[in-house]
Amino acid sequence: MTVTKQFIAVMVMAFVTYIPRVAPLVIFKRKIKSRFIRSFLSYVPYAVLGAMTFPSILYSTQHLYSAIAGLVVALVVAYFDKSLIKVAVSAILTVYIFELLI
């Protein structure tokens, strides 16, 4: 690929990634007054994070069972209001032990 084509490709990629960032600012110029829409939009970051994270959790280990065990342990530890480091370490240890046993 020549330098010109590379430059055009980079510019197209920059434009395509810039559109979703600018579009909300252009579309919603005034403050959103609807309680329903504001409530809906407040949950969007959590939904997107969950949609991006959940498949990675299930396919990050060699066996599906160890991934599910780590997920369950992480959810239980997080439910009891433990710190993020405790949740992560407990899930990692669970996956490690399951991988040794399988």
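User: What pattern does the protein follow when read along the sequence?

Analyst: The model is a predicted one. Read along the sequence, its pattern is α-α-α-α. The protein has four helices and zero strands.

User: Why is serine 66 called buried?

Analyst: A residue counts as buried when its relative accessible area is under 20%. Serine 66 has a relative accessibility of 0%, and therefore it counts as buried. This serine 66 belongs to helix H3. With neighbours within four places in sequence left aside, serine 66 is in contact with Thr61, Val95, Phe98, Glu99 and Ile102.

User: What makes serine 90 count as buried?

Analyst: The same cut-off of under 20% applies. Serine 90 has 17% relative accessibility, so it is counted as buried. Serine 90 is found in helix H4. Its contacts, apart from neighbours within four places in sequence, are Val73 and Val77.

User: What share of the residues of the protein counts as buried?

Analyst: Of the 102 residues, 14% count as buried. The protein exposes about 9100 Å², and 74% of that area is supplied by carbon and sulfur atoms.

User: How does the radius of gyration of the protein stand against that of a compact globule?

Analyst: For 102 residues, a compact globule would have a radius of gyration near 13 Å, whereas the protein has 21 Å. The value for the protein is thus above the one for such a globule. Taken along the principal axes, the box filled by the C-alpha atoms is roughly 50 × 50 × 20 Å.

User: What share of the contacts between residues at least 6 apart in sequence joins residues at least 24 apart?

Analyst: In the protein, 43% of these contacts join residues at least 24 apart. A contact here requires heavy atoms within 4.5 Å.

User: Which residues lie nearest the centre of the largest pocket, and how many line it?

Analyst: The lining consists of 19 residues, and those nearest the centre are Thr53, Ile57, Leu71, Ala74 and Leu75. Helix H2 (35-58), helix H3 (64-79) and helix H4 (84-101) are the elements that each give two or more residues to this lining. The space in the largest pocket is about 520 Å³.

User: How do the lining residues of the largest pocket divide into nonpolar, polar and charged?

Analyst: The lining holds 14 nonpolar residues, five polar ones and no charged ones. Leu and Ile are among the types that count as nonpolar, while Asp, Glu, Lys and Arg count as charged.

Technical notes: Residues are numbered from 1 along each chain as its sequence is written. This is a predicted model: local features need pLDDT of at least 70, side-chain atom pairs count only at pLDDT 80 or more; totals for chains, interfaces and linings use all residues. Side-chain values use heavy atoms; hydrogens and water are left out. On a 1 Å grid over the protein atoms alone, a cavity is a set of points where a 1.4 Å probe fits but cannot get out, and a pocket is an open set with protein on both sides within 12 Å along at least five of seven lines; lining residues have an atom within 4 Å of a point. Grid points are joined across faces, edges and corners, and a volume is the space filled by probe spheres set on the points. The radius of gyration is taken over C-alpha atoms; the globule rule is 2.2 Å times the number of residues to the power 0.38. Buried means under 20% relative accessible area, exposed over 50%, partly exposed in between (1.4 Å probe, protein chains only). Accessible areas come from the Shrake-Rupley method with a 1.4 Å probe; for residues, only the protein chains shown count as cover.
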